[in-house]
Amino acid sequence: TARRGDARLPALDRASATCRRILDLDPTHAGALAVRADVERLRETGIQERERHARRRVLRRAGAVALGIAVLAAIVVAWLLETRRQEAEEARRLAQGAQARAEGVMNFMVFELQTSLEPIGRLDVLAKIGVTARSYYASLPRDGLSPESLVGHSVALRRLGDVYEARGDRPAAHEAYRLAADVAQRILDAT
């Protein structure tokens, strides 16, 4: 419609020029006054049509740009989320590796080192190993322990109870045995 209005402009200019000449000769000529009013109305309508068309064009372009930005933002957010997921997965994998190595050290201390130290009566070292093992297992998330970790925790507590018993500290031994029994019950509940 804007092009049609643009095509009418030369005809409107010719009609306006003719009306001007007629009105120069007779300023009260009713036909020329009516035609001039119609020409002005048509010219104003054409200008309004061009403005509406320009606004629509701008809105369509703005909509396309906004849609492009939204799509780009969605792509960037998806990429960031995937990157974070991969980083979290890598951190989880590294943490599991570190936990496995730490449990290997705990198993060595609880099963092999304590077994080697018991015959020579090194209760002070055995107590330190037991306390260290108890602290280690207590620092782990309660629900995240594997059955093997629970066994290690239970054995460490039982052996710590044995050390306290050998030292004559019955209340501490009783507490360690009670905790060992609680962990053993969790093993049974998990199976």
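## What covers helix α3

The cover over the buried residues of α3 includes α2 (30-117) and α4 (147-167). Buried means under 20% relative accessible area, exposed over 50%, partly exposed in between (1.4 Å probe, protein chains only). Helices are DSSP runs (H or I, at least four residues), numbered from the N terminus. This is a predicted model: local features need pLDDT of at least 70, side-chain atom pairs count only at pLDDT 80 or more, and totals for chains, interfaces and linings use all residues. Residues are numbered from 1 along each chain as its sequence is written, and side-chain values use heavy atoms, without hydrogens and water.

The buried residues of α3 are L126, A127, I129, G130, A133, Y136 and Y137.

## Nonpolar cores

A nonpolar core is a set of buried Ala, Val, Leu, Ile, Met, Phe, Trp, Tyr and Cys residues joined through side-chain atoms within 4.5 Å. The largest has 20 residues; M106, A133 and Y137 touch the most other members. α2, α3, α4 and α5 (170-190) each supply at least two residues of this core. α3 gives the most, with six.

Beyond its neighbours within four places in sequence, M106 is in contact (heavy atoms within 4.5 Å) with T132, A133, Y136 and Y137. A second, separate core of five residues includes L160, A172, A173 and A176.

## Salt bridges

A salt bridge puts a side-chain nitrogen of Lys or Arg within 4 Å of a carboxyl oxygen of Asp or Glu. The count is nine. R158 pairs with D162 at 3.2 Å between the closest N and O atoms. They sit four residues apart in α4, about one helical turn.

R178 pairs with E175, closest N and O atoms 2.6 Å apart. Salt bridges that share partners join E175, R178 and D182 into one network.
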